[in-house]
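Let's take a walk through this one together, from the inside out. Have the sequence and the 3D view ready, and we'll go stop by stop.

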Amino acid sequence: MNRKLLSIFLKTVVVLLSFAFTAAAQNGTIRGVVKDNNGQPVADATVVIDGKKNGVLTDNNGKYSFVVGPGQYTVIASYVGATPQKQSVTVASGKVSEANLTLPFGQQLNDVVVVGSRSSNVRSRTQTAVPVDVISAKELFNTGQIEPTQAIAQVAPSFNSSRQTLADGSDHIDPATLRGLGPDQVLVLVNGKRRYTTSLINLNGTVGKGAVGTDLNAIPASAIERIEVLRDGASSQYGSDAIAGVVNVVLKKNTGTQVNTQFGQQYAGDGQVAQLGFTHGFKFKNPKDYLTLNADIRYRGATNRAGDYTGPVYVNWAVSRNTGESDAAFIARKTTLYNQDQALKAQNNFSTKKNIDFGNSKLKNLAFDLNGGNQLSENVQFYYNAGVSYRKGDAGALYRYPYQTTQNIAEIYPNGFLPHILSDVWDKNMQAGIKFTSAGWKWDISNTFGGNSFAYHVDNSLNASQYTLGASAPTSFYSGTTKFNQNTFNVDVTKDLSQQLSVFKTFNLAFGGEYRLDNYGIVAGDEASYTNYTPSSGKAGGAQAFPGFQPSNSVNAFRNIGGVYADVESDITDRLLIDAAVRFENYSDFGSNLAGKLAARYKLTNFLSLRGDINNGFRAPSLQQRYYSSVSTVFVNVNGVLTPRQVGTFRNNSDVAKAFGIPSLEAEKSLNGSLGLTVNAGGFSLTADAYSISIRNRIVLTGQFSRSNTTVDQLLSSYPDVNAAQFFTNAINTQTQGLDVVASYKLNLSKDQTLNLSLASNFNQTKVYGQVKGTDKIPADQFGNTLFNRQERGRIEKGQPRSKITASGNYQWGKFGTVLRVTRYGETESLNASNPVLDEKYSAKALTDLALSYQVSKVVQITIGANNLFDVYPDKIKNTQSLSPYTTASALDNTSYGRMPYGRDAIQFGFNGGYYYASVGLKF
C-alpha cells in the first residue's frame, strides 16, 4: 500500500470513528428486567421495540438492554404460555431509561402444559389430573449433555437411557424408556403431533431387546423450547404406544439469535465431544407470525473401557476333554497348546490390551429444523415445521483372532482383525396444518410425514468363504438398509361449552379423527455381504460382524390405521375436575381396539389436591416386529466362552415360525391406574403419584432355538448357515408398580440472588406374572433357551434401575450461576440364561454433576462443568474365572477373558467415568 492510499485510509478511519463516537453520545439506553407474576426473573424472554425488526433475549437474571436514539418507544416482552406485555418509555440523549415488565403466566414459569389435556383452558403441572414433568430448554442445557435423550434422562425421574456397546445398530441409536417399560411403550410427539419411530429394532442384548423406539437425538437440541413428559397411559387420547406415557417436544418460537458451543472429553482422555448449536428467530410485523431456524452439529468421539485379553490368540488351548482322557493328560495337552500360543504372541508382538472397542461408538451428527406459523386472518393460522438429520456412526465389533480360522483369511489378516460396523442414518420430517375458529369451535387440521433410514456398512472385515481369493478378497461391504416412513392426517376439534352448560365452571368437548399410513422396508446388501460361496468348506459366509440382508429378507410392507376419539374435560365445581376420553382405532393388519380413560382431580384446599385415573391402553405390533428378518452373528456365552452363532430372525408369519408353533402377533393390552396428590404453596410444589400398569400379550424376541436340538435341526434344514432361530411373539404378561415424587422450592434470597431446589424420584418394579396361553408348549433346547428364558426375564424385571433419585440446586447471584446435581441409580441385575451361578448384581451408585456459569455480558455466557464429577463407575463383573490351561475347572466368566469388565445388558448409567466440558452461549 503506497503512502497516498495509506493517508486516505487513515483519514477515513478517523472520520468513521468520530462519527461513531458522536452517534454514541447522542444515543440513549433502554434497559430493564422481565419477571413472572411470582417475582422470578424470566430468562430467554423475547423483548422487542414495537416497529423494529430485531429483538433481544433476556439473560439468566431476566435483564435486557437496547441502545437507541432519543424518542418515544414501546417495549414488548413475550414468552410461550404468557400474555405479551407492553410498556411505553421515553429516551433522552445519553440517558438510561428503565422499562421493567411482568409477564402474567397464571402459574409457575415453565409449568404450562399442552400434553395430556385437549382443553382450551391452560393448566399447570400441579393442576392436571395426571402427572406431567415440564423441562425447559435451560434445564436441558444445564445438564452438560449435547444429546436430547441423555439430557432428559438426567432431569426426568422416570426416563432412562444409557448408551449401548457391542450391540450392532443400537450402538448408534440410544434406546430410551419410561417407568421401566420398553422403548416402544412410550409415544413421542412433536408440537403435539405423533412422531415416527426408527427403522431399527434393538436385537443384540440391550435394554428394550426386541423393541422399536423413537430417536430423540435426531431433533436438534437447539430447536427445543421445552419437553413435556406425561407419566400416564394415554392410548385413549393419542392412540397406540402410549402405555407408559408420552413425551412431547415443543419447538421454539422465539425471536433473536442464539449460538451455543461445547467442547469436552472423558476424564480417561477419550470420548472427545464438540457441539455447535444455532437458533435464529425472525421478527415479523404481525407479532403472531413466527419462523425459527435451528441447526446442530455434533461430534462424539469413541470411548474404550476394554480390559486385557487373556484368552487364546493363535492356538486354541481352550479345548474340550477327549473321551477317556485323564486329568493329567488333559492339563498337559492344554498346557502344551497354551505355551505354543504364548510363543506365537511374543513372536508376532501381539498386544492383548484393549483389542476390542468396549464403550461409546463414534458419531457425527448434523441436524436442521425450522418451525413457523403465519396468522392469515384474525381466526386463521397456518403453521408448519420441517427437519432433516444425518448421522454417521462407527462402532467396533468383537475381535476375530487368528485361531478362529472359520472366520478369517490369513493372507489378509495374519494377526486377526477387528471389524467395524459403520452407519448412515437419515431422518426427515415435515408437518403443515391450519388452525381456525368457527362458531366458537376451534379446528386443527394437519398432516405430518416423517421417516428414518439406517444403512449398514462393514469395514476392516471379510467374507471368510471367499478364502479362494486370498489377499484380494474384499474387506468392506454394504450390508443393506432398513427404512420406516409414516404419514399421519389429523382433524382435531375443541370447544368450551361452559356458556351453554352454565352449571359447570368449564366444559371442554374435544373430538377428532386420524388416518395413518405406515411403511417398512428392508433393502438387501451387496451379494458378498451375505453369500456363503463355499458352503462345504466350513468357512463362515457373509460379512463378519454384520452379515448383509439377503434378497429373501427384502420387504416393502404397508398398513393403514384409522381412528376416532372423543374427550370431555370439565371443572364440575371449583374443586372437582373430571376428564374422560375414548378412542377407537382399526389396523389393516391385525384388527381394532377400543381404549378409554377416566381421570379426576379434587382440590382439598387452595394448595392441596388429590388426583387419580384409570385407563386401558394398547400397543399395536410394529411393522418392524412383524416383517423384520435377517441372519446375524451373535456371540453366546457357552461355558464361560463367547461363541459365535449365526442366528436367523424369522418373520412372525413365515413358514419357519409356523413350524415352530409361533402364533400370529396381536396387540399388547394394558390396564393403568394411578393415585396421587399435588401441593402448590408459594414457591414450593410437590407431586406424588403411585401407579400400576398391567400388560397382557407383551411382545418379545424369543430365546435362540439351537439346531443342536434334533427337532430344531430338522426345522432349519433349509437354512444350512443358520445355527439358531428366534422370533417375535406375544409371550408374557407383566405388571409394573411404582411411585413418582417430584418436589421443588424456589427462593428469592435477595435482589440479585435466587435458589431453586428440586428432588425428583422414581421407584418401580416390574414382574413377569404369566406366559401367554399357547406359547408355553414350545419345548426348550438343550441350552435352556426356551421361548422366554431366565436372561430375557432378568432383562425385563431387573435390567433397569428400580429406583432413580435426583437432588439438584440452581443458584444464581447476579452474573454468576451454579448447578449442582446428585443422582442415585438403584441396583440392577443380569441373569444368565441357564446357570444362576453366572448371574451378576450391580449395586446402587450416586453420580454428582457440577456446572459453573458466568454472564460476561448481555451477549456472552461461559460455562464450565463436570458430569460424574467424582469419576464413579458401576461395579465390575464378579464372575471372572476364565478357562485356565493349568486346571480342569469349568469357566465361570462373564468378561470374555477379561475383555468386558463391565456388564452391558443391565447398564445403569454407562461405564465411561467422569466427563468435563466448557461451553459458550451467545444471545443477540
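Start in the middle of things: the largest nonpolar core has 30 residues, and Tyr 456, Tyr 520 and Tyr 628 touch the most other members. Here a nonpolar core is a set of buried Ala, Val, Leu, Ile, Met, Phe, Trp, Tyr and Cys residues joined through side-chain atoms within 4.5 Å. Several elements each supply at least two residues of this core, among them strand E21 (420–438), strand E24 (506–523), helix H7 (623–627) and strand E32 (684–701). Strand E22 gives the most, with three residues. The helices (H or I, at least four residues) and strands (E, at least two) are DSSP runs, numbered from the N terminus.

Before going on, a word on what you're looking at. This is a predicted model, in which local features need pLDDT of at least 70 and side-chain atom pairs count only at pLDDT 80 or more, while totals for chains, interfaces and linings use all residues. Residues are numbered from 1 along each chain as its sequence is written, and side-chain values use heavy atoms, with hydrogens and water left out.

Next up is helix H3 (residues 148–155). Seven of its eight residues are buried, so H3 is largely enclosed by the rest of the structure. Buried means under 20% relative accessible area, exposed means over 50%, and partly exposed is in between (1.4 Å probe, protein chains only). The buried residues of H3 are Pro 148, Thr 149, Gln 150, Ala 151, Ile 152, Ala 153 and Gln 154.

Now for the charges. Side chains of opposite charge can pair when their charged atoms come close. A salt bridge is counted when a side-chain nitrogen of Lys or Arg lies within 4 Å of a carboxyl oxygen of Asp or Glu, and by this rule there are 38 salt bridges. Here are some of them:

| Salt bridge | N to O distance |
|---|---|
| Glu 585 and Arg 583 | 2.8 Å |
| Arg 795 and Glu 792 | 2.7 Å |
| Glu 797 and Arg 793 | 3.4 Å |

Glu 585 and Arg 583 are both buried. Helix H10 (residues 790–797) holds both Arg 795 and Glu 792, three residues apart, about one turn of the helix. Arg 795 counts as buried because its relative accessibility is 9%, and Glu 792 is buried too, at 6%. What separates Glu 797 and Arg 793 in helix H10? About one helical turn, because they are four residues apart. Glu 797 is buried at 11%, whereas Arg 793 is partly exposed at 34%. Elsewhere, salt bridges that share partners join Glu 514, Arg 516, Asp 518, Arg 559, Arg 583, Glu 585, Asp 589 and Arg 626 into one network.

Finally, the surface. Patches are made of residues with over 30% relative accessible area and no salt bridge, with like charges joined within 9 Å and nonpolar side chains (Val, Leu, Ile, Met, Phe, Trp, Tyr) within 5 Å. One patch is nonpolar, covers about 690 Å², and is made by Trp 813, Phe 816, Leu 852, Tyr 854, Val 856, Ile 862, Ile 864 and Val 920. Strand E40 (845–855) and strand E41 (860–867) are the elements that give two or more residues to this patch. Trp 813 sits in strand E36 (residues 803–813) and is partly exposed at 49%.

There's also a patch of positive charge, where Lys 35, Lys 63, Lys 751 and Lys 815 gather. Lys 35 belongs to strand E1 (residues 28–36) and is partly exposed, with a relative accessible area of 36%.

Conventions:
Accessible areas come from the Shrake-Rupley method with a 1.4 Å probe; for residues, only the protein chains shown count as cover. Lys and Arg count as positive and Asp and Glu as negative; His and the chain ends are not counted. The place of a charge is taken as NZ of Lys, CZ of Arg, CG of Asp or CD of Glu.
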